[in-house]
Amino acid sequence: MSTPVTLIGLGPMGQAMVHTLLREGHQVTVWNRTPSRAADVVAAGATLAATPADAVAASKLVILSLTDYQAMYDILGSATEALAGRTVVNLSSDSPERTREGAAWAAGHGARFLTGGVMIPAPMVGTEAAYVYYSGPAEVLEDAREPLAAIGTPRYLGADPGLAQLMYQANLDVFLTSLASLLHATALLESGGVGATSAVPELMRTLAGISEMLSVGGNPGVQIEAGEHPGHLSTVTMMGATADHIVAASDAVGVDSGLPAAVQAYYTWARDHGHGGDNWTRIIDAMRPQGGSGGVAPQA
Ligand SMILES: NC(=O)c1ccc[n+]([C@@H]2O[C@H](COP(=O)([O-])OP(=O)(O)OC[C@H]3O[C@@H](n4cnc5c(N)ncnc54)[C@H](OP(=O)(O)O)[C@@H]3O)[C@@H](O)[C@H]2O)c1
């Protein structure tokens, strides 16, 4: 069914969503702070609204794809009267708390609000692999399911508008830290004369293998949740020694050691608290609120 959809925010992600919605036959109205970014999607069939208020008025379903929630206020702050009776689906990144505030703000202007976290890069929008976390009122997702499913498979988490954002940030925590470690390791290899062209594919073998390595004995989360950290296959002492070696190797060649030093600090805490014989999963206690450490300051 062809549904009128408004999409505000035409970065790479917003543009990919518009192209996907148009391909699925929806009528798409767009608005972007920098109008020139609308050229491609207008050429593909989208309508460029003159103002945010016009964009909101054009469709019952309004999707936001912005850098953060402040951008929502900057754009829709001048169009609040148009929000009553609309469904706003904010697919922008921010903290769960900012997201809850955003949901309350939208409700205060008479809009229904869903939070979303898009779990694929822009070129994969609309593919079979695409999925999007949602939270907020379940019926709002059901009403908008068809156009939203064109972007990616919806994965509904619950009524708390902060929940989808929390899940998104948790996944991006893994993603950003992994990307940073990939680049740190590349810089380390460069110091030994291994160029990035050779280094990156070599390091990707480890990146790609981590999931399988961790799943050998089943879901490691089960033991983490049970507070069990058996060290029969690897220990905090062994892993912590390796963390020490990575910091030393970095320092020796002048590669910034801030990232591995942050990891090292967690192992040092675990060793200092008598957990040297436990599995590496024990370091979560140094991260949890009121965990054993009371917080570990990274040692740069
Ligand atoms: N790109 C990806 O692969 C990817 C993947 C997953 C999730 N995401 C998430 O999707 C969202 C959009 O990503 P993107 O890559 O498209 O981001 P982007 O290139 O940073 O685009 C963000 C959009 O926000 C607008 N914007 C930012 N601040 C604004 C303000 N104060 N007032 C008005 N407009 C403002 C920009 O307008 P201008 O064009 O005028 O600057 C642009 O349309 C982000 O929250 C991101 O975390 C992105």
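How much area is buried between domain 1 and domain 2, and what share of that area do carbon and sulfur atoms give? About 580 Å² is buried, with 72% from carbon and sulfur atoms; buried area is the accessible area (1.4 Å probe) that two parts lose on being put together, summed over both.

This is a predicted model, in which local features need pLDDT of at least 70 and side-chain atom pairs count only at pLDDT 80 or more, while totals for chains, interfaces and linings use all residues. Residues are numbered from 1 along each chain as its sequence is written, and side-chain values use heavy atoms, without hydrogens and water.

Select residues 5-160 for domain 1 and 166-287 for domain 2; these bounds come from an automatic or database domain assignment. Their centres, taken over C-alpha atoms, are separated by 36 Å.

Next, display the interface. Eight residues of domain 1 are in contact (heavy atoms within 4.5 Å) with six residues of domain 2. Select Pro96, Met119 and Tyr133, which supply 51% of the area that domain 1 buries against domain 2, more than any other three residues.

Finally, centre on glycine 85. Apart from neighbours within four places in sequence, glycine 85 is in contact with Lys60 and Gly110. Lysine 60 lies 25 residues from glycine 85 in sequence and 7.3 Å away in space, C-alpha to C-alpha.
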